[in-house]
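Subject: A structure to look through

Dear colleague,

I am handing over a structure for you to look through, and below it I have written out what was found in it. Please keep the picture open while you read, and look for each residue as it is named.

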Amino acid sequence: MPFEIKTGRAVAGMEHRAQTMLYTLLMGERYGAEVPSGLLFYTQSEEVVRVPTVRNEVRALMMRRNELAGWIMRRIRQGEAK
């Protein structure tokens with residue numbers, strides 16, 4: 001299970017949850033096992049937050065990642081064409 005330590009802002013924002021969910025995908029791929037959740041630990045508040053791997057949220061993250069990768073590739077190709 002991923003264990004992410006956050007030393008800054010002591011709030012479980014979407015970006016923290018997203019990062020933890022993506023770590024579950026990486027661990028699942030690396031170890032060939034389902035990783036149903038990860039943990040966020042906020043040092044300022046000493047709070048631990050369980051972040052479940054929610055299929056629809058992971059799907060949305062992957063779609064955003066693909067959009068970003070596509071944009072980067074288009075920019076690279078435009079630079080090569082000059």
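**Salt bridges**

Arg64 and Glu67 both belong to helix α2, where they sit 3 residues apart, or about one turn of the helix. Before going further, please bear in mind that this is a predicted model. Side chains of opposite charge can pair when their charged atoms come close. Arg64 and Glu67 form such a pair, a salt bridge in which the closest N and O atoms are 2.9 Å apart. Arg64 counts as exposed because its relative accessibility is 54%, while Glu67, with a relative accessible area of 44%, is partly exposed.

How many salt bridges does a search of the whole structure find? The search finds 3 of them, and the remaining ones deserve a careful look as well.

One of them joins the side chains of Glu57 and Arg17, with a distance of 3.0 Å from N to O. Since Glu57 lies in helix α2 and Arg17 in helix α1, this pair ties together parts that are 40 residues apart in sequence. Glu57 itself is partly exposed, at 27% relative accessibility.

Another salt bridge is formed by Glu4 with Lys6, and here the closest N and O atoms are 3.2 Å apart. Are these two residues buried or exposed? Glu4 is buried, because its relative accessible area is 15% and the cut-off for buried is under 20%; Lys6 likewise counts as buried, at 12% relative accessibility.

**How the two helices meet**

Two packed helices are described by the angle between their axes and the distance between the axes. In this model, the axes of helix α1, which covers residues 14-31, and of α2 come within 10 Å and cross at roughly 95°. Angles of 65 to 115 degrees count as roughly perpendicular, and α1 and α2 are therefore roughly perpendicular to each other. On the α1 side the contact is made by Met14, Arg17, Ala18, Met21, Leu22 and Leu25, and on the α2 side by Glu57, Val58, Leu61 and Met62.

**Along helix α2**

Helix α2 covers residues 55-81, and Met73 lies in it. Together with Leu68, Trp71, Ile72 and Ile76, Met73 makes a nonpolar surface patch of about 470 Å². Met73 is partly exposed, with a relative accessible area of 36%.

Ala60 is also found in helix α2, and it is partly exposed, at a relative accessible area of 39%. Its C-alpha atom is separated by 22 Å from that of Ala33, which is 27 residues away along the chain. Arg65 has its place in helix α2 too and is partly exposed, with a relative accessible area of 48%. From Arg65 to Phe3 the distance in space is 22 Å, C-alpha to C-alpha, and the two are 62 residues apart in sequence.

**A positive phi in a loop**

Most residues other than glycine have a negative phi, and most peptide bonds are trans. Glu46, however, has a positive phi, near 55°, although it is a residue other than glycine. Where does Glu46 lie? Glu46 is in the loop between β2 (37-42) and β3 (47-52), and at 63% relative accessibility it counts as exposed.

Technical notes: Residues are numbered from 1 along each chain as its sequence is written. This is a predicted model: local features need pLDDT of at least 70, side-chain atom pairs count only at pLDDT 80 or more; totals for chains, interfaces and linings use all residues. Side-chain values use heavy atoms; hydrogens and water are left out. Patches are made of residues with over 30% relative accessible area and no salt bridge: like charges are joined within 9 Å, nonpolar side chains (Val, Leu, Ile, Met, Phe, Trp, Tyr) within 5 Å. Accessible areas come from the Shrake-Rupley method with a 1.4 Å probe; for residues, only the protein chains shown count as cover. A salt bridge is a side-chain nitrogen of Lys or Arg within 4 Å of a carboxyl oxygen of Asp or Glu. Helices (H or I, at least four residues) and strands (E, at least two) are DSSP runs, numbered from the N terminus. Buried means under 20% relative accessible area, exposed over 50%, partly exposed in between (1.4 Å probe, protein chains only). Axes are lines fitted to C-alpha atoms, for helices over the stretch in contact, and angles run from 0 to 180 degrees between N-to-C directions. Angles under 35 degrees count as roughly parallel, over 145 as roughly antiparallel, 65 to 115 as roughly perpendicular and the rest as oblique. Contact means heavy atoms within 4.5 Å.
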